Amino acid sequence: MNAPINPPKLYDCRDAFAATLERLAVENDRIVAVCNDSVGSSKLGGFKSKFPERLVNVGIAEQNMVGVGAGLANGGRLPFVCAAAPFLTGRSLEQIKADISYSNANVKLVGISSGMAYGELGPTHHSIEDFAWTRVLPNLPVIAPCDRIETAAAVAWAATYDGPCFLRLSRVGVPDLLPEGHQFELGKANLLRQGSDVTLIANGTLTHRILKAAEILAERGVDARVLNLATVRPIDEEAIIAAARETGAIVTAEEHSIFGGLGSAVAEVVVDNAPVPMKRLGVPGVYAPTGSAEFLLDEFGMAPSAIADAAQALIRRK
């Protein structure tokens, strides 16, 4: 297939996060940033220059970093705690559970370079378990924006939300999917394409891939609904149930293990309310090897054409 003549411009969601945080910090002097020696990868260089006294760099000590964030919140600050997603979640899960979730501390956890964005660094740097770890914790909304516009909106929402949350941001470039001025609503899916034959659901870096898959399906005479489900917890049960009842089949795609992630969260709603055939696309319970994020997503069956093939196979089971 030939590449489009004018491919869409791709944006790094970390840039939208950083720009929004800097703007909010001008308006709210309670905002502070906490990081684990990741000023560069978290795109906090501008924040550090503008607010040097409001950036706390704890070094490579993620468990301590989460505790520092909780302490700052207890002291009346509004901390955004930033680190590479695999180390923020996996290394600090006990502290997130006890100091953030159980304590309902007003801390915004920001997992940078999530999924397989650090592809060339191998399995230790892949973050394909973080949905499973975080979405089971009470009081902790889990959010994976699909583009720079939704990222900016989610960061602005987080700054006004009274409680903890986990924002999952990739470094992989993605096109704009939502309109400028989009307002983030916790627990609400975005209907990106109407359809009646099958529903495709994703978030984060996979959302633009399922939109491409829907276009491929349209060329094959299949009418696919597309949902961007940025909020993994609390999940939009109403949109999922409607999709199940109205299209009769659901395919989920995620930059995560198929165990415990977005697909599992959707399946829980479906099996309890409107059982229909489902296919969960993701990393199939293995350690993802070394390779670029684009290569790994394709390797695990999440190229747009492969997603379209999976949807057609599922429709035949209806």
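This is a predicted model: local features need pLDDT of at least 70, side-chain atom pairs count only at pLDDT 80 or more; totals for chains, interfaces and linings use all residues.
**Exercise 1. Classify the ring pair formed by Phe47 and Phe51, and decide whether each residue is buried or exposed.**

Step 1. The structure contains three aromatic pairs, and one of them joins Phe47 and Phe51.

Step 2. A pair of rings is described by the distance of the centres and the angle of the planes. For Phe47 and Phe51 the centres are 5.1 Å apart and the planes make 55°.

Step 3. Planes under 30 degrees apart count as stacked and over 60 as edge-to-face, with the rest called tilted. The pair of Phe47 and Phe51 is tilted.

Step 4. Buried means under 20% relative accessible area. Phe47 has 1% and is therefore buried; Phe51, with 9%, is buried as well.

Step 5. Phe51 also has a charged neighbour: Arg54 lies over the face of its ring, 4.5 Å from the ring centre.

**Exercise 2. Classify the pair of Trp157 and Phe184, and state which parts of the chain it ties together.**

Step 1. The ring centres of Trp157 and Phe184 are 5.4 Å apart. Their planes stand at 65°, so the pair is edge-to-face.

Step 2. Trp157 belongs to helix α7 (residues 148-160), while Phe184 is in the loop between β6 (165-168) and β7 (190-193). The pair therefore ties together parts that are 27 residues apart in sequence.

Step 3. Trp157 and Phe184 are both buried.

Step 4. Ring pairs join Trp157 and Phe184 with Tyr161 in a cluster.

**Exercise 3. Describe how strand β1 is enclosed, and name the strands with which it pairs.**

Step 1. Strand β1 covers residues 31-35. Five of its five residues are buried, so the strand is largely enclosed by the rest of the structure.

Step 2. In a regular strand, side chains alternate between the two faces of the sheet. In β1, Ile31, Ala33 and Cys35 are on one side and Val32 and Val34 on the other; all are buried, and both faces are covered.

Step 3. β1 runs parallel to β3 (residues 78-84), to which five bridges join it. Three bridges pair β1 with β2 (residues 55-57), also in the parallel sense.

Step 4. Val34 shows both pairings: its bridge partner in β3 is Val81, and in β2 it stands opposite Val56.

Step 5. The UniProt record, an unreviewed entry, places the feature "domain: Transketolase-like pyrimidine-binding" at residues 11-176. Over residues 11-176 the chain is 41% helix and 16% strand, and the end C-alpha atoms lie 8 Å apart.

**Exercise 4. Work out the layout of the five-stranded open sheet and find which strands stand at the edges.**

Step 1. The strand order is β7-β9-β8-β11-β12, and the pairing is mixed.

Step 2. β7 and β12 (278-283) each have a single partner strand and stand at the edges, so one side of each has no neighbour in the sheet.

Step 3. From one strand to the next, the twist averages 25°.

Step 4. Within the sheet, β8 (residues 198-202) and β11 (residues 250-257) run parallel and are joined by three bridges. Ile201 stands opposite Thr252 in β11.

Step 5. Helix α10 (residues 262-273) packs on the sheet and touches β8, β11 and β12. Its direction makes about 145° with that of β11.

**Exercise 5. Locate Arg209, and list what it touches beyond four places away in sequence.**

Step 1. Arg209 is in helix α8 (residues 207-219). Its relative accessible area is 3%, so it counts as buried.

Step 2. Its contacts are Glu294, Leu297, Asp298, Met302, Ala303, Pro304 and Ile307.

Step 3. Met302 is 93 residues from Arg209 in sequence, yet the C-alpha atoms are 7.7 Å apart.

**Exercise 6. Examine the backbone at Lys43, Ser113 and Pro234.**

Step 1. Most residues other than glycine have a negative phi, and most peptide bonds are trans.

Step 2. Lys43 has a positive phi of about 60°. Lys43 is in the loop between β1 and α2 (45-50) and, at 28% relative accessibility, is partly exposed.

Step 3. Ser113 also has a positive phi, about 55°. Ser113 is in the loop between β4 (108-112) and α6 (130-135) and, at 0%, is buried.

Step 4. The peptide bond between Arg233 and Pro234 is cis, with omega about -5°. Pro234 lies in the loop between β10 (231-233) and α9 (237-247).

Key: Residues are numbered from 1 along each chain as its sequence is written. Side-chain values use heavy atoms; hydrogens and water are left out. Rings of Phe, Tyr and Trp (its six-membered ring) pair if their centres lie within 6.5 Å; planes under 30 degrees apart count as stacked, over 60 as edge-to-face and the rest as tilted. Buried means under 20% relative accessible area, exposed over 50%, partly exposed in between (1.4 Å probe, protein chains only). Helices (H or I, at least four residues) and strands (E, at least two) are DSSP runs, numbered from the N terminus. A charge sits over a ring if NZ of Lys or CZ of Arg is within 6 Å of the ring centre and within 35 degrees of the ring normal. Contact means heavy atoms within 4.5 Å. Two strands pair if DSSP finds at least two bridges between them. Axes are lines fitted to C-alpha atoms, for helices over the stretch in contact, and angles run from 0 to 180 degrees between N-to-C directions. UniProt positions are given in the numbering used here, feature names are shortened, and annotations may be inferred rather than shown by experiment.
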